[in-house]
Amino acid sequence: MTPKRKTAPDAPWWRDGVIYQVYPRSFADSNGDGVGDLPGLIAHLDYLAGADAASGDDSLGIDAIWLSPVYPSPMYDFGYDVSDYCGIDPLFGTLDDFDRLVKEAHRRGIRIVMDLVLNHTSHQHPWFVESRSSRDNPRRDWYIWRDGQGDRPPNNWQSVFGGPAWEWDERTAQYYLHLFLKEQPDLNWRNPAVQDAMWDVFRFWLDRGVDGFRLDVFNLYVKDAQLRDNPLRLGLRAYDRQIHIQDRDQPEMHPLLRDLRALLDDYPQRMAVGETFSEEPVKMAAAYYGQQNDELNLSFNFDFTHQPWRARAFYDAIARWEAALPPGAWPCHVLSNHDVERHASRYAAGSNTDVRAKVAAALLLTIRGTPFLYYGEELAMRQGRIARAQIQDPPGKRYWPLYKGRDGCRTPMPWDDSPHAGFSINPPWLPVNADYRQRNVEAQRRDPDSVFHWYRRLIALRKASPALRRGDYVPLIRRPVHALAYLRVSPEQTLLVALNFASRPVLAVLDEPLPARDWQVLLSTADRPDLELLGNSLALAPYEACVLGMA
Ligand code: GLC
C-alpha cells in the first residue's frame, strides 16, 4: 500500500507536497444522513488528485489529505472528543472504509494524515468512565483529579471554550480538569501508562498505512506539575485575562516529542505536524521542531490567519517565521482551517474578493514551506452565514452574538448547483452557502479563469519546479507597500514571484536590479505575455499575481 508516486529519499513528501485538509462532516455525504463520510470522500478522490495527475488530468493535484477526526465520538466537539482512538465512528463509515480510503488514496499518490486529539478524550471514553468510577481505580491517575480549595476549584485555570477548567464530580467528590468542554477531560500525560497507550495508538494507524499525524493542541499535553495558578492580566474573556504559562508549553513536552519522532522515524516517510496553541505562537511553534530537528517534522504557524490585507503584514509574517525557525527546520503555511473565518471572507472586497483569493493562493503556494489548504478554499469559498437556531458549534451557542463560533467555516462543500449543492441528497447538518449555485466545483471547472483553475495551475507549477518546492526565499522588496516580490532559488532554477495587493496598477520598486535575463511569464492573473521591467521597477496590474522564470 505504498503510494505510487515516489519521492527521492532526500525529499520527504511532506516538504515537497501540498496538504489538503478535509473536514469530513462537510466534504461529501454518500448515505443521505446529511453528514459527510468516508465513502463520500473516496468517491471524490479523483477531484483531489486523479490517477493521472502527473500526466495532466483536471484534478486539483494535491499530495496529501489531512483528515479531521473520524474516530468514534459523541460529537460534543464534532470528533475532537474521541471515545475510541482505534476505530471509525459509524457516522463516517467503518474501518474497512478507512482501509479502502488509504488504498484508493495511495493509488492516486495521495498520502493520508490523521488528526490525533490526545490532550483530552471524550468523557465517554472507557478510560474516563473507569477513571471517574472510584478514587482507587487503576485508571484514576490517567486524568487530572484534584480536591478543591474549600468550595472553589483547585486553581484559577479557565476552559478555552469558557468557564472554569474544572468540573466537580459528585461520585468521588473531586474535580477533574478539562481545558476545553467538560465533555473533554484532559489526560494526565505525566503518567507513563498514558504515554505508552498513546504510542500504541500511533502504531495502530502507522501499521494501517497512515502517512502522518496532525497533533491537536499538543503543547497542552503537559501541565505544571504543581498545577499553580496562571498569572493575571487584562482581557475581555476570563480565559484571556490569564497569562497561560502553567497550563501550556511545559519543558517536559520536548522529550515527549523526541520519543514520538523516534517512533515515527522507525517507519519510512512518516511525519507529524503539530498545532501549537501558545502565548508566543511563532516562537513556540518554531521551538517544537527541536534544536536538533528531532521533534515535530512540521509546526503550524497561524500568523497568516491574523494578517490584514497588506503586503507589508505578510512580508513581516514571513520574516518573523523565517527568523524564528531553528536551522534546518522546514516552514509550513496556512490561511484557513476549521477553527478560523475563511480567508476569502477575511479578505472580502466586493467584486475583487476572488482576485484577492488568487493573490493569497499565489503567496501560499510559492512561499518557502509546505502549504496547507482547507477544503473549498480552492473555490474561494466564503464563510457561511448561520442563523442562531442553526448553530452547532458549542462555543458558538455560548457566546452569540459576540462570537459566532466556527460553523461558518465548516459549511458543506459545494459540488454543483443541484439541491444541497451535490453534497447530500438530504438537508445537510449545516446549511449550504447561499451562493452555491454560482460557486461550486462544477461551475469553476467549466470556467478556465476560475479560482479553482488558478489553484490547479499553481499546484502544477509547484510540482514541476524545484525552486518553488525547495528553493531559498530571497525577498526583493524589504519595505513593501503595495506589492511583494521575491525570488525562489534552487541550484537548478530561479523563479521570480510578484504579488500586487492593491486594486490599482503599481510600480513595484525592487531593492536591487534583477539579474539581466530573459524573464518569461510562467503564470499570471493578468493576461500578459512579458514582464514589464522599468529600471528597478516591476509594472503590475491591479491585484496581479505572477510567477516568472528565466528563459
Ligand atoms: C483544536 C482543534 C479544535 C478543537 C480543539 C479541542 O484547537 O483544532 O477544533 O475544538 O483543539 O480539541
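1. In which sense do strand β7 and strand β8 pair, and over how many bridges? Strand β7 (residues 212-215) and strand β8 (residues 271-274) run parallel and are joined over 4 bridges. Within this pair, F213 sits opposite A272 of β8. Strands here are DSSP runs (E, at least two residues), helices are H or I runs of at least four, and both are numbered from the N terminus; pairing requires at least two DSSP bridges between two strands.

2. A word on the basis: this is a predicted model, in which local features need pLDDT of at least 70 and side-chain atom pairs count only at pLDDT 80 or more, while totals for chains, interfaces and linings use all residues. Residues are numbered from 1 along each chain as its sequence is written, and side-chain values use heavy atoms, leaving out hydrogens and water.

3. Stepping back to the whole sheet, you will find 8 strands in an open, parallel arrangement, in the order β9-β8-β7-β3-β2-β1-β11-β10. Its edges are β9 (298-299) and β10 (332-334), each of which pairs on one side only.

4. Now for helix α6 (residues 192-207) and helix α7 (residues 253-265). Their axes (lines fitted to C-alpha atoms over the stretch in contact, with angles from 0 to 180 degrees between N-to-C directions) come within 11 Å and cross at roughly 30°. That makes α6 roughly parallel to α7, a label for angles under 35 degrees. From α6, Q195, W199, F202, R203 and L206 meet L256, D259, L260, L263 and L264 of α7, contact being heavy atoms within 4.5 Å. By class, this contact holds 7 nonpolar, 1 polar and 2 charged residues (nonpolar: Ala, Val, Leu, Ile, Met, Phe, Trp, Tyr, Cys and Pro; charged: Asp, Glu, Lys and Arg; polar: the others, Gly among them).

5. Finally, please look at helix α11 (residues 353-366) and helix α14 (residues 451-464), whose axes come within 10 Å and cross at roughly 15°. That makes α11 roughly parallel to α14. The residues of their contact divide into 8 nonpolar, 1 polar and 3 charged; among those meeting there are A361 and L365 in α11 and W454 and L458 in α14.

Key: Angles under 35 degrees count as roughly parallel, over 145 as roughly antiparallel, 65 to 115 as roughly perpendicular and the rest as oblique.
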